[in-house]
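Work through the exercises below with the sequence and coordinates at hand. Each task is followed by a stepwise solution.

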Amino acid sequence: MDFVLSGAAACGACLFTNPLEVVKTRMQLQGELQSRGSYRVHYRNVFHAFYTIGKVDGLAALQRGLAPGLLYQFCMNGVRLGSFSVIESSGYIHTDGRVSAAKTTAAGAGAGVVGAVMGSPIYLIKTHMQSQSTSSIAVGHQYNHKGMIPALTAIYKQHGILGLWRGSSAAVPRVSVGSAAQLSTFSSSKELVIDLEVFPKDSWLVALSAGMISSVVVVMAMTPFDVVSTRLYNQPVDHLGKGQLYKGFADCFSQTLRKEGFMGLYKGLGASYFRIGPHTILSLLFWDELRKLYQQFR
């Protein structure tokens, strides 16, 4: 049940934040491997990106990739948060009754690795679909999939089962770093808010406050890995399924840093916070509240 509740919480958050994921994906692909000022800027900032996508591609485009997004959240976060919940209930993350930063970081990272590997094929399709747009505002490689199932089928037929896990070398560090930062800061912040007695112990405001603190840490720690992950998943491949722009995680990281500078790794930072921030807050809030509700009716 922990896995189902965790997946449901993440899906609830995804319904609200998927348009921000579309914007974030496109801003991270804009000007790929080009120095600042040498490429056309289609999306000047988060708000301009929303306006541009809605005007050119239509309002429905802001929910592009929603189906794989929901499936990814249910699979990846169901496993990730569900695993952490089991570890937490076993008492592993506590030392002498207090949350251990080292243990929650290790547990969060471990749960993230498992979730990332399982959800990687769906994240691949989600990235492809969210980057698809009218040619006048297109950024990154355009795959032009007709839907989630046709996309999975086409990749499997062309590149085999391993082709579905292309880009997972970036997914594992991305999710493990994000998961470690998120769950360690959430657990510690939640304990701090309870200690300060700002809100009643069982109030939903405790989880909300802890989620808000966690969201800032997650975005700063995760964005460079998120940029690399988006680019590795979206890059064009040859007939053998080999990436035509990057050899792997380290190559993408170094090329981006060399050609776009340090801030290239933080491209779309505003969009990242507007997406990852609310998603972190909502998913952790829903997760905490659903677990409390389940305990009441057991």
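**Exercise 1.** Which residues does Ser6 touch, not counting residues up to four places away in sequence?

Solution. The model is a predicted one, in which local features need pLDDT of at least 70, side-chain atom pairs count only at pLDDT 80 or more, and totals for chains, interfaces and linings use all residues. Residues are numbered from 1 along each chain as its sequence is written, and side-chain values use heavy atoms, with hydrogens and water left out.

Step 1. Take contact as heavy atoms within 4.5 Å. With that exclusion, Ser6 touches Asn77, Gly78, Leu81, Gly82 and Trp287.

Step 2. Locate Ser6: this residue is in helix α1, residues 2–29. Helices (H or I, at least four residues) and strands (E, at least two) are DSSP runs, numbered from the N terminus.

Step 3. Ser6 counts as buried because its relative accessibility is 0%. Buried means under 20% relative accessible area, exposed over 50%, and partly exposed in between (1.4 Å probe, protein chains only).

**Exercise 2.** Describe helix α2 by its buried residues, their cover and the ends of the helix.

Solution. Step 1. Helix α2 covers residues 46–56, and Val46, His48, Ala49, Thr52, Ile53 and Gly54 are buried in it.

Step 2. The cover over these buried residues includes α1 and α9 (269–297).

Step 3. At the start of α2, a side-chain oxygen of Asn45 comes within 3.1 Å of the backbone nitrogen of Phe47.

Step 4. Gly58 follows α2 and has a positive phi, near 95°.

**Exercise 3.** Is Leu71 buried, exposed or partly exposed, and what does Leu71 touch, not counting residues up to four places away in sequence?

Solution. Step 1. Leu71 lies in helix α3, residues 66–89.

Step 2. Its relative accessible area is 32%, so Leu71 is partly exposed.

Step 3. Leaving out residues up to four places away in sequence, Leu71 touches Ile122 and Met148.

Step 4. Phe249 is 178 residues from Leu71 along the chain, and their C-alpha atoms are 25 Å apart.

**Exercise 4.** Summarise the fold and overall dimensions of the protein chain.

Solution. Step 1. The chain has nine helices and two strands. From the N terminus on, the order is α-α-α-β-β-α-α-α-α-α-α.

Step 2. The radius of gyration is 19 Å, close to the 19 Å that the globule rule gives for 298 residues, so the chain is as compact as a globular protein of that length. This radius is taken over C-alpha atoms, and the rule is 2.2 Å times the number of residues to the power 0.38.

Step 3. The C-alpha trace spans about 55 × 40 × 35 Å along its principal axes.

Step 4. Of the 298 residues, 54% count as buried.

Definitions and conventions. Polar contact = N/O pair within 3.5 Å; in protein donor to acceptor, adjacent residues only side chain to side chain.
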